[in-house]
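Subject: Structure for your files, with notes

Dear colleague,

Here is the structure you are taking over. My notes on it follow below.

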Amino acid sequence: MATPTAPSQQEATQQADHPADAVVFDNVSIAFEEKVVLEGVSFRLPLGETRALFGVAGSGKSTILKMALGLLRPDSGRIFVLGEEVTSLTEEQLFAVRRRVGIVFQESALFDSLNVRNNVAFRLMEEHISDEEIERRVLESLRFVELEHTIDRLPAELSGGMRRRVAIARAIITQPEVILYDSPTGGLDPVTSNTIVELIVKQRDVYHTSALMVTHRLQDAFTMATHCFDKKTNKMVPLPKGQHSEVPMSFLLLRDGKVIFDGDARDLVNSRDPYIREYIS
Amino acid sequence: MALELELVSPFEIAKDLVLAVQEYTLLAARSIANFFRRPLYMGDMLQQADLIGVGSLPIVVLTGVSIGALLALNSASTLQRFGGITLIGQLVSIGMVTELGPLITGLMVAGRNASGMASELGSMIVTEQIDAMRALGTDPSKKLVTPRVAATSFMLFFLTIISDLLGLIGGNLVASLLFGLDSRQYWTSAWQILVFRDVFMGLVKPVLFGFIISTVGCYYGMSTRGGTQGVGRSTTQAVVASSVLILIVDFFVTKLIFALFGVR
């Protein structure tokens, strides 16, 4: 089993100057009303890699994503995102970092009073980009998730899977360097889940975006570890046997607020830890 | 279903209260500071001004006319007894401009808009839309709170003027139709009794009330916890708290302006 490693003080300083990692958690702890949710969590997400976060409900997976964006502050420890120490930034300074990071919330969190176009274009409208440019990029993003026809609809008129895909379109419209997915396939049927997984793999293999993905569905993460996106056919295809370690995909398992596994699919499958064996069985 | 009662210590209640006051103060201060920071969401301000100002117009028209008419009706019987029916214009004018116009308009707008703001922002909190907004690099305080504060304070000022005028018209209708008072006499006495202090008081109050309504509505909305039940709770609390605060502030502002103008 691979073990989590915490970056040293010196490494953390280097991280700020020349980020080799998209996200670094350094000994991070947080508690809510005396309930410890995360305790001394450390891990790195290298640039271009997608990492799946697992753990039972309430194990702090979504909290990790929110802390990475500075939406929640840890009680102790440091967090670096694209070289910036988000734990030391003010809310005003954080907005600059957040513009480089996309997030897909668990329940999509689309603005219910705005139509799909304005939801997807929200960030661009805030940056006062020209209407023509906004229209072009909105259509490009919606084409990526194959939902151009929903452009004038309100979120309430979309299915759960469509809402999740619009949320992905909103997250990728500025081509962020890191994307955080919070249970992107949760509560969806297998066909729609597969569509979402394919979109995440496409984002990983075509745009080489770093990603943290919270999920309860092991099969989704294993699909991502055993498939790659074929640009020619515009489809996700299985990797030949023996090449699984070539995709930038890794796994992180949380238990009782601590990281108990940090490694790739092969390490996970070969783990002898009884809890991990039970979890993946 | 078993009823579970949880005992909370007075210390905890006091601590929560102090924390709430601190958070409200921060939100209110930030909403003002945002006027001096870019971006300033003019489009959102205009949209809120339309929703709050134009949207509240029917209820303000109705209450303005009713209060003016009722004020005239109730005071007329007493004035008639002392042969002072000609003073009805003065009474309605002073009552509406200094007190009832701002107060009733404030309470009506509080009922309509503080609840609306709390429920709208509360729903956005529980569906993670506020987090999404922050994640997309937009400050919810600038985008959601400041436009509401600006729009409510600005529009309540004009709504109160409309309410005052309609109250005087309501009083005039009662005075002329029921008590046969000449309209010209009514308006002359209503106009002549007003001094700068009265008009000043009547125009300062709505700006303060607008600030209270919007900041309290936004505070309860932004601090919503506990799903849809929490949204309902925030909505009720916003109306109650803003109404009570308006009444308290009204008393102290009246007292302060009297003191400023040397009236005891």
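How many residues of chain A are in contact with chain B, and how many of chain B with chain A? The model, which is predicted, puts 13 residues of chain A in contact with 11 residues of chain B. On the chain A side, the elements that give two or more residues are α3 and α4 (116–126) of chain A. Of the elements on that side, α4(A) gives the most, with 3 residues. Sorted by class, the side of chain A that touches chain B has 8 nonpolar and 5 charged residues, and no polar ones.

Helix α3 of chain A runs over residues 91–98, and its Leu94(A), Val97(A) and Arg98(A) are buried. These buried residues line one face of the helix, because they fall within an arc of 95° when seen down the axis of α3(A). Glu92(A), Gln93(A) and Ala96(A), on the other side of α3(A), are exposed. What do the buried residues of α3(A) pack against? In chain A they pack against β4 (76–81), β5 (84–85) and β6 (101–104), and in chain B against α4 (129–135).

Next, the nonpolar cores. The largest has 82 residues, and Ala68(A), Val81(A) and Leu180(A) touch the most other members. Helix α6 of chain A (residues 160–172) gives the most to this core, with 7 residues. Leaving aside residues up to four places away in sequence, Leu180(A) touches Leu65(A), Ala68(A), Leu69(A), Val101(A), Ile103(A) and Leu212(A). There is also a second, separate core of 31 residues, which includes Ile52(B), Ala118(B), Leu144(B) and Tyr220(B).

Last, a helix pair in chain B. Helix α2 (residues 42–81) and helix α3 (residues 88–126) of chain B pack at an angle of about 145°, and their axes are 8 Å apart. The crossing of α2(B) past α3(B) is right-handed. Among the residues that make the contact are Ile52(B), Ile59(B), Gly68(B) and Leu79(B) of α2(B), and Ile88(B), Gly95(B), Met108(B) and Arg112(B) of α3(B). By class, this contact has 16 nonpolar, 7 polar and 1 charged residues.

Regards

Technical notes:
Residues are numbered from 1 along each chain as its sequence is written. Chains are lettered from A and ligands numbered from 1 in the order in which they are written. This is a predicted model: local features need pLDDT of at least 70, side-chain atom pairs count only at pLDDT 80 or more; totals for chains, interfaces and linings use all residues. Axes are lines fitted to C-alpha atoms, for helices over the stretch in contact, and angles run from 0 to 180 degrees between N-to-C directions. Helices (H or I, at least four residues) and strands (E, at least two) are DSSP runs, numbered from the N terminus. A crossing is left-handed if the near helix is turned anticlockwise from the far one by less than a right angle, and right-handed if clockwise. Two residues are in contact if their C-beta atoms, placed from the backbone, lie within 7 Å. Ala, Val, Leu, Ile, Met, Phe, Trp, Tyr, Cys and Pro count as nonpolar, Asp, Glu, Lys and Arg as charged, and the others, Gly among them, as polar. A residue is buried if 20 or more other C-beta atoms lie within 10 Å of its own, exposed if 12 or fewer, and partly exposed in between; C-beta atoms are placed from the backbone. The arc is that of the directions from the helix axis to the C-beta atoms. A nonpolar core is a set of buried Ala, Val, Leu, Ile, Met, Phe, Trp, Tyr and Cys residues joined through C-beta atoms within 7 Å.
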